[in-house]
Amino acid sequence: MYNVQMKIDTAHTQSQQIVNSPLSAEDVINRYAHLEGAELLDALIHEVFPGRIAVSSSFGTESAVLLHLISQIAPDTPILFLNTGMLFAQTEQYQRTLQKHLGLSDVRIIRPDPDHLKAYDPDDTLNKRDTDTCCHLRKVLPMQQALDSFDAWITGRKRFQGASRNALPMIEHDGNHYKINPIANWSPEKIKTEFKKYKLPRHLLESVGYTSIGCFPCTRLPLSGQDSRSGRWADQEKTECGIHSPWAGDSI
Ligand code: SF4
C-alpha cells in the first residue's frame, strides 16, 4: 500500500485554509505548483476540486504509475478513457486489467459521436488522408464534451517524452479548465522503479518494443535513438493528437 499520509501533511495544512473558497488560476498555481506526485494529487482532488476533477488516461505503457497513485489517494476519481474505435485490442485488454488490479471504480469510456463518424469518416480511412481532422473528431471533441462536467483534469504527461513536452508545468489553466501534470518531472528511471516496487501490470505491446501507444493506424515502434513518442505519426510532423492544443481547422 502506498502511504501518502506523511508526505501530504504540508499540502493539507495549506489547502485546509481554502476549502470551498473560490481561487483564481493564479492562486491555484502559486499555492500548489511547487508540489508533485501524490502530494499534488491529494491536495487538488480532496481540497481544491472535490467532485470536479477527472483523470484522462490512454492506458498506455506508462499509464499504470499515475493510475496507481490515484488508486491510493481516491480510487473513485473519474478516469476518462478515450476509445477512438482505432485502439489496439491489447490496450482495451490492459484497461480492463488495470482497472481491476487497481480497484478503480469509475472508469468512463469516452467514444466519438457516431453522427460525426458517419458524416466525416464512414469507412474509417480519414486517418490516411487527414490525421488532424481524424484526431479532432475521434479524440478532441469527445474529450471536450466529457470534460464539460469538470473544472480540472489530470494527465500523465512527462517532460522527457519529447520536445513538445519538455517544459511542461505541474499546473496549467487554459481559460476553461485546469490541467494537472503531477508526474511531469518524473524520469524513465523513476517510472521503472514504480512499476517494480508496486508490481504493476505491463501493457502487452511493451514486450515487443512499443514505448508509446495510441491508435493502431498511427503507432509504430519508436525510431532508433529518438524519443519514446517517435513512433506516433512517425512519417508526419504531427506530434500531438490535439487534446492538449487549440484546433486550427474548420468547425465540425
Ligand atoms: S491517432 Fe490516427 S486513427 Fe487515432 S484519431 Fe488520430 S489520426 Fe485518427
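**View 1. Ser56 stands opposite Leu80 of β2.** The model shown here and in the views below is predicted. Strand β1 covers residues 53-57, and strand β2 covers residues 79-82. The two strands run parallel. Three bridges join β1 to β2. Strands of a sheet pair through backbone hydrogen bonds, in either a parallel or an antiparallel way.

**View 2. Six strands build an open sheet.** Their order is β3-β2-β1-β4-β6-β5. The pairing is mixed. Strands β3 (107-110) and β5 (171-173) form the edges, each pairing on one side only. On average, neighbouring strands of this sheet are turned by 25° against each other, direction ignored.

**View 3. Helix α8 packs on the sheet.** This helix spans residues 131-147.

**View 4. The ligand is surrounded by 13 residues.** The closest are Thr131, Cys134, Cys135, Cys215 and Cys218. Helix α8 gives the most to this shell, contributing five residues. By class, the shell around the ligand holds seven nonpolar, four polar and two charged residues.

**View 5. Helices α3 and α4 cross at roughly 50°.** Helix α3 is residues 37-48, and helix α4 is residues 63-73. Their axes come within 10 Å. Because of this angle, α3 is oblique to α4. The crossing of α3 past α4 is right-handed. On the α3 side, the contact is made by Gly37, Ala38, Leu41, Asp42 and Ile45. Leu69, Ile70 and Ile73 make it on the α4 side. Six residues of the contact of α3 with α4 are nonpolar, one is polar and one is charged.

**View 6. Helix α4 also packs with helix α9, at an angle of about 60°.** Helix α9 comprises residues 188-197. The axes of α4 and α9 are 9 Å apart. The angle makes α4 oblique to α9. Here α4 passes α9 in a left-handed crossing. Ala64, Val65 and His68 of α4 make the contact with Ile191, Glu194 and Phe195 of α9. The residues of this contact divide into four nonpolar, one polar and one charged.

**View 7. Helix α4 is shown with both of its partners, α3 and α9.** The crossing with α3 is right-handed, whereas the crossing with α9 is left-handed. Toward α3, helix α4 uses Leu69, Ile70 and Ile73. Toward α9, helix α4 uses Ala64, Val65 and His68.

How values were computed. Residues numbered from 1 in each chain as written. Predicted model: local features only at pLDDT ≥ 70, side-chain atom pairs only at ≥ 80, totals over all residues. Pairing = 2+ DSSP bridges. Helix = DSSP H or I, 4+ residues; strand = E, 2+ residues; numbered from the N terminus. Axes fitted to C-alpha atoms, helices over the stretch in contact; angles between N-to-C directions. Contact = placed C-beta atoms within 7 Å. Near = placed C-beta within 6 Å. Nonpolar A, V, L, I, M, F, W, Y, C, P; charged D, E, K, R; others polar. Parallel < 35°, antiparallel > 145°, perpendicular 65-115°, else oblique. Left-handed = near helix turned anticlockwise from the far one by under 90°.
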